[in-house]
Amino acid sequence: MTLLRRLSAGEGTSRIVCLPYAGGNGTVYESWTRWLPPEVELWAPHLPAREHRMLEEPLDDMGLLVRTLADELGADERPTTLFGHSFGSLVAFELARVLQERSRPVDCLIASGMVAPVVLPPRPVPTDAEILSSLRSHGVTPPEFFTQPDLLELVMPGLRADYRMAMGYRYAEGPELSARVYAIGGTDDPGVPVEGLTAWTAHGQGDCPVRMWEGGHMFLLQHVEEVASFVVGCHQRSDTRPLQSIEG
């Protein structure tokens, strides 16, 4: 099973890999390619049970997801940054851990819209109604989506799988990452306070620079160019020591 796809044209000397939020897919990052320098590639997973893979069985095992991504990334030694939003931050974190264990450490990890795993409390797996309520609250799903039973029947398996992995995630102690770690969030996201973002410092080297944008949980969709440029900047500075803040 192949999950990763390159979104950018041409071949670069380094790469940024973007992990989507629960229910999302790699296509959400396609617009980022316009702000990439030519030497940087952009990659993202295209997961089963959505878009052109809609009829495939969903992947609902975090360990399998991470190992599959690590298998695909581990054969390439180019400098790599992982970016994840919300659930994607947890995937990025666990992926960075596996790659480091395999002597393929990433240079930079950017967590978006998610508190650090070390302070993430246990969360119950939601019902279908709670999943749909969560999607409504984010305000990025068209209202007509919720009134089409046939469409809901198609997309719910993928949504259930992602939410099961996200809510079932439990942090396990392990070595600190050798990567530089950054965290970003929305000023109006009550579930992801600044202190929860700052706690990412426990998982990497040095202090964890935190950058906030106006908006709620899906702030990155309102500030696409700014967030993409910030991520590119973090990637390009990932070999600089000591750690320093990026104003972005």
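Glu 51 sits in the loop between E3 and H1, where helices (H or I, at least four residues) and strands (E, at least two) are DSSP runs numbered from the N terminus. The structure is a predicted model, in which local features need pLDDT of at least 70, side-chain atom pairs count only at pLDDT 80 or more, and totals for chains, interfaces and linings use all residues. Residues are numbered from 1 along each chain as its sequence is written, and side-chain values use heavy atoms, with hydrogens and water left out.

Phi of Glu 51 is near 50°, a positive value in a residue other than glycine. Ala 49 has a positive phi too, of about 70°, although it is not a glycine. Ala 49 is placed in the loop between strand E3 (40-45) and helix H1 (62-73). Are these residues buried or exposed? Ala 49 is buried, with a relative accessible area of 5%, whereas Glu 51 is partly exposed, at 39%. Here buried means under 20% relative accessible area, exposed over 50%, and partly exposed in between (1.4 Å probe, protein chains only).

Next come the helices. Two packed helices are described by the angle between their axes and the distance between the axes. H1 and helix H2 (residues 87-101) pack at an angle of about 60°, with their axes 9 Å apart. Axes are lines fitted to C-alpha atoms, for helices over the stretch in contact, and angles run from 0 to 180 degrees between N-to-C directions. H1 and H2 are therefore oblique to each other; angles under 35 degrees count as roughly parallel, over 145 as roughly antiparallel, 65 to 115 as roughly perpendicular and the rest as oblique.

On a 1 Å grid over the protein atoms alone, a cavity is a set of points where a 1.4 Å probe fits but cannot get out, while a pocket is an open set with protein on both sides within 12 Å along at least five of seven lines; lining residues have an atom within 4 Å of a point. The count comes to one cavity of 30 Å³ or more. H1 and H2 are the elements that give two or more residues to the lining of the largest cavity. Among the residues lining this cavity are Leu 65, Leu 69, Phe 87 and Val 91.

The largest pocket is lined by 47 residues, of which Tyr 21, Ala 22, Leu 135, His 138 and Tyr 163 lie nearest its centre. Helix H3 (128-138) and helix H4 (149-167) are the elements that give two or more residues to this lining.

Technical notes
Points joined across faces, edges and corners; volume = space filled by probe spheres on them.
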